[in-house]
Amino acid sequence: MKTIWTAISATIIIAMILAMGSNIGAPNTALETSLENGTRTGEIGWQYETFSQNLGVSVTPQEITTLDQIIVTVSSKLPQVFIKQATMYGVVYPNDGIQFPFSFPFLKLDDITFQCVIEPFPLNGYDIEFYLVVYDYFFTPMDSRNSEVFSYSVVGSGWRHDTFDENVILTYWPMRANASEEVSIILISKENVTISGANLYVTYVTPEGDAREGGWNFSKTNVNSTELKRSIPGYPAGTNITFWVTAWDQYNSVVTSRMYNYSVMGISEYTDFPFEYTDAGGDRSQWIPDDAIILPMAGMCALAIPLFIYLYAVNLKRRKRAMELVSSKKAAAEPEEVKPDE
């Protein structure tokens, strides 16, 4: 019996010596030590002290606009260390408004990769700042602030400026319409900012002096809604039209144009002379030539009338002299009458 116990003791001692010998020159990382001690993959915690040593983070896109999702992916750098949970905490600083906090959980893609998608905030440009807290198998938190805080400026996709003319180009044609002729109005976004909608407002005074008003919506002419079009219907000659436009971006920020005015022409359909309304009595149904036409016409008349009278008188003298010559020739050509003998 004593011999048996002696053999068992010797076996244990030899095993301990071999175990000690096998650790000589072994790596000193806590991860490999845990695995040698029989800890299974995924049942070990963080192996380093800082966030960046244990985890990697990617954020896309690099240049963010208010139309983009922000996709944040966090991954364990050591495939044996599983992630159990992750959360994002942050603050949004609007360009116009009050800052506010937010938090979002990550969704699991696999044992070592989690992802969070931030939908665009309904703001026209803002700064966003956030950090991550990630938990290992033992729910030990690892805070990214010990390595990095993530900050981004999100470029607004709405109006870039305060006034209508700085954001939108407005053109209309023709600028002086004839009777019953439509006037086409085109809006073009200067910086390819989407125009979510626009309204056209019209007030007009009829030839009889009645004031009326109306309005229509613009229609988009391209997929991105950076160009819109609308037509003002034709009106009778003598109508005076005033119109303006309001347009808004995807954040319902409204900008208003200045007022435009034109008068419906009548005689210009048949002549190139410019005409304008008469001021006498305020009767807009009456038309008179512009001063630029009246003055040259008066000068021409002042020269043409005396010249016409002179030429007319000369012509009369020529005709009278011609008639006298004809009469004298006839008289010379007639034979003398012979009288019979008595």
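The legends below describe close-up views of a predicted model.

Residue numbers run from 1 along each chain as its sequence is written, and side-chain values rest on heavy atoms, without hydrogens or water. Local features require pLDDT of at least 70 and side-chain atom pairs pLDDT 80 or more, whereas totals for chains, interfaces and linings use all residues.

**View 1. The largest nonpolar core has 30 residues.** Such a core is a set of buried Ala, Val, Leu, Ile, Met, Phe, Trp, Tyr and Cys residues joined through side-chain atoms within 4.5 Å; buried means under 20% relative accessible area, exposed over 50% and partly exposed in between (1.4 Å probe, protein chains only). V74, M88, F106, I128, F130, L132 and V134 touch the most other members. Two or more residues each come from β1 (55-60), β2 (70-76), β3 (85-94), β6 (113-118), β7 (126-135) and β9 (150-154), with β7 giving the largest share, five residues. Strands (E, at least two residues) and helices (H or I, at least four) are DSSP runs numbered from the N terminus.

**View 2. T66 is placed in the loop between β1 and β2.** T66 is buried because its relative accessibility is 4%. Its side chain makes a polar contact of 2.6 Å with that of Y251; a polar contact is a pair of N or O atoms within 3.5 Å, where, within protein, one must be able to donate a hydrogen and the other to accept it, and residues adjacent in sequence count only if both atoms are side-chain atoms. Beyond four places in sequence, the contacts of T66 (heavy atoms within 4.5 Å) include P120, L123, V154 and Q250.

**View 3. P122 lies in the loop between β6 and β7.** P122 is exposed, at 71% relative accessible area. The C-alpha atoms of P122 and Y251 are 7.0 Å apart, although 129 residues separate the two in sequence.

**View 4. Three salt bridges are found in the whole structure.** A salt bridge places a side-chain nitrogen of Lys or Arg within 4 Å of a carboxyl oxygen of Asp or Glu. R40 pairs with E43 at 2.4 Å, N to O; R40 is exposed, with 56% relative accessible area, and E43 is partly exposed, at 24%. D111 and K108 meet at 3.0 Å, N to O, and D111 is partly exposed at 34% relative accessibility. In the bridge between D143 and R145, the closest N and O atoms are 2.8 Å apart.
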